[in-house]
Amino acid sequence: MSMQRREFLKALGAAGITTSALGGCAAMRGAGHAGQVVVIGGGYGGATAAKYIAMWSGGAVAVTLVEPNAAFVSCPMSNLVLGGSKQIADVTVSYDGLTKRGIKVLRDTATAVDADKRTVRLASGQTLSYDRLILSPGIDFLYNQVPALNNDGAQARVLHAWKAGPQTVALRQQLEAMHDGGVYAISIPRAPYRCPPGPYERACQVAWYFKRAKPKSKVLILDGNEDVTSKKGLFTKAWNEEYKGIVEYRPNHVLTDVDAPTLTAKFETAGDVKADVLNVIPPHRAGAIAAQAGVITANNRWCEVDFLSFESIKVKNIYVVGDSIQIAPAMPKSGHMANQHGKVAAAAVLASLAEQPVNPTPILNNTCYSFITDRDVVHVASVHHYDRDKKTLVTVAGSGGLSPAMNPLEGEYAWAWARNIWADALT
Amino acid sequence: MRRFKMLTSALLVINAGLVAAQGADHHLGRSLAASCANCHGTNGASQGAVPSLAGAAKADLVAKMQEFKSGKRPGTIMPQLAKGYSDEQIETVAVWFAAQKP
């Protein structure tokens, strides 16, 4: 018996819960296990939560991960695939590492949650029971806010590539097929959206490709926000120096619709823009299963959680992590943060199963690297701790900051970060 | 059943007392260390250019973190992150990493 399993079972014992009693205990559902946890969504948040529950309980808690994709494809680093310095295989990781840990990985889609019966129905028809449910459904796009994009044909022509995978590869193909002298335009939704610096990094990566392969071409950033939302000084410097004459930034471009056949973007207050490759990131909200489970509580878009545990403020025994939560002040929707959410939630779920109090002083950090060229990188970092009076996570005064300038050393650190966080979530 | 519940409650009180006596959640070190794992690897075992922390000497970890925090030691991310952790948290996390197998 591993030390961690023994420790967790000891904790259950202290709470008056014995594994031998579990067989006859209706509240605990995993046969032969000290509880059954189902995790929906195998991205940065869900995979991490699943791994840490399995690891910290020493396998005493049964963990099932429901994920429709065959492999994990990382959004962070995927802009390098658009630039052409990396391939999609370089940002793809198998789920086998989680299976080897004893986690049951089901390639399936959750279609309904019954919070009273504590069951999850899957597209395959199977029903799973849970003691605690972790939702990490990521984002869904609000196509009703871009009406002409609300069909498969238009979505195949005007790509988002904001979920890494086939869309990333398809957008790279569009860029390769574009003639020299063409215009690539990217539409950014109003904040909050997944990965604040991501669209600006993407503009840099496409510009890096154009500068070498198609130097007469242009990158047009059509931002729905009033200004650059992240790493402003560092990105602006790159567009004015490294990519001078290639990148043009236009703020206050709130997209209202597109015309897919002519690749034209339409805006609230600005004139139409026609592009040769049109990349629209539509506004988004928490993934559909969160809506079905009844945990979307903020603006009909995001899930509010108790930041001590990441349990939904509305539905008991359902924990929500990752991009689908209503973020705390100054907390970005990022893969790194989702990983940190997953660990706080994992600890809270185990504490809850053992009827122990949760950690009253959680601390989370964020590190985000953006590639300006294929190797020069800039970062933003922050530390967030729990404020007992405000009942939310706030940044620790004096902590955090940015790179002074792009540099190749942080390019190496960015890959070290990627390898470590992928291993941390998926092995 | 009632006796079982009373016993459970009593144990919970004892357990809560122990937690209070220790001043914190007894998994505090583990939870704190998990916030480092994104870059330094699960349980401090790193895969790449970022240093491993598992099995490092506690005094060395504390000294480095304090130097990052004060600005004495240069770095990229760490001087900015170290300022987010209290002296007690640095002590706790250093004890935890020092106890891990390298």
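Which residue of β17(A) is the bridge partner of A:I186? In this predicted model, in which local features need pLDDT of at least 70, side-chain atom pairs count only at pLDDT 80 or more, and totals for chains, interfaces and linings use all residues, the partner of A:I186 is A:N279. Residues are numbered from 1 along each chain as its sequence is written, while chains are lettered from A and ligands numbered from 1 in the order in which they are written. Helices (H or I, at least four residues) and strands (E, at least two) are DSSP runs, numbered from the N terminus.

The bridge between A:I186 and A:N279 belongs to the parallel pairing of strand β11 (residues 183–188) of chain A with β17(A), which extends over four bridges. Two strands are taken to pair if DSSP finds at least two bridges between them. Both strands are part of an open sheet of four strands in chain A, with the order β13-β12-β11-β17 and parallel pairing. Because β13 (247–250) and β17 (277–280) of chain A each have a single partner strand, they stand at the edges, and one side of each is left without a neighbour in the sheet. On average, neighbouring strands of this sheet are turned by 15° against each other, direction ignored.

A second open sheet of chain A has three strands in the order β14-β15-β16, with antiparallel pairing. Its edges are β14 (255–259) and β16 (273–274) of chain A; each has a single partner strand, so one side of each lacks a neighbour in the sheet. Strand β15 (residues 264–267) of chain A pairs with β16(A) in the antiparallel sense over two bridges, and A:T264 has A:K274 as its bridge partner in β16(A).

Strand β1 (residues 36–40) of chain A is mostly covered, with five of its five residues buried. A residue is termed buried if 20 or more other C-beta atoms lie within 10 Å of its own, exposed if 12 or fewer, and partly exposed in between, with C-beta atoms placed from the backbone. Both faces of β1(A) are covered, by A:Q36, A:V38 and A:I40 on one side and A:V37 and A:V39 on the other. β1(A) pairs in the parallel sense with strand β2 (residues 62–66) of chain A over five bridges; the partner of A:Q36 in β2(A) is A:A62. The chain passes from β1(A) through helix α3 (residues 44–56) of chain A to β2(A) in a right-handed β-α-β crossover, meaning that, with the strands pointing away from the viewer, the path from the first strand over the helix to the second runs clockwise. Four bridges also join β1(A) to the parallel strand β9 (residues 132–135) of chain A, where A:L133 is the bridge partner of A:V38.

Helix α3(A) packs against helix α11 (residues 335–353) of chain A at an angle of about 35°, with the axes 7 Å apart. Axes are lines fitted to C-alpha atoms, for helices over the stretch in contact, and angles run from 0 to 180 degrees between N-to-C directions. The residues of this contact divide into ten nonpolar, seven polar and one charged.

Between the chains, 39 residues of chain A are in contact with 33 residues of chain B, contact requiring C-beta atoms, placed from the backbone, within 7 Å. The largest share of the chain A side, twelve residues, comes from α12(A). By class, this side has 18 nonpolar, 15 polar and six charged residues, where Ala, Val, Leu, Ile, Met, Phe, Trp, Tyr, Cys and Pro count as nonpolar, Asp, Glu, Lys and Arg as charged, and the others, Gly among them, as polar.

Definitions and conventions
Two residues are in contact if their C-beta atoms, placed from the backbone, lie within 7 Å.
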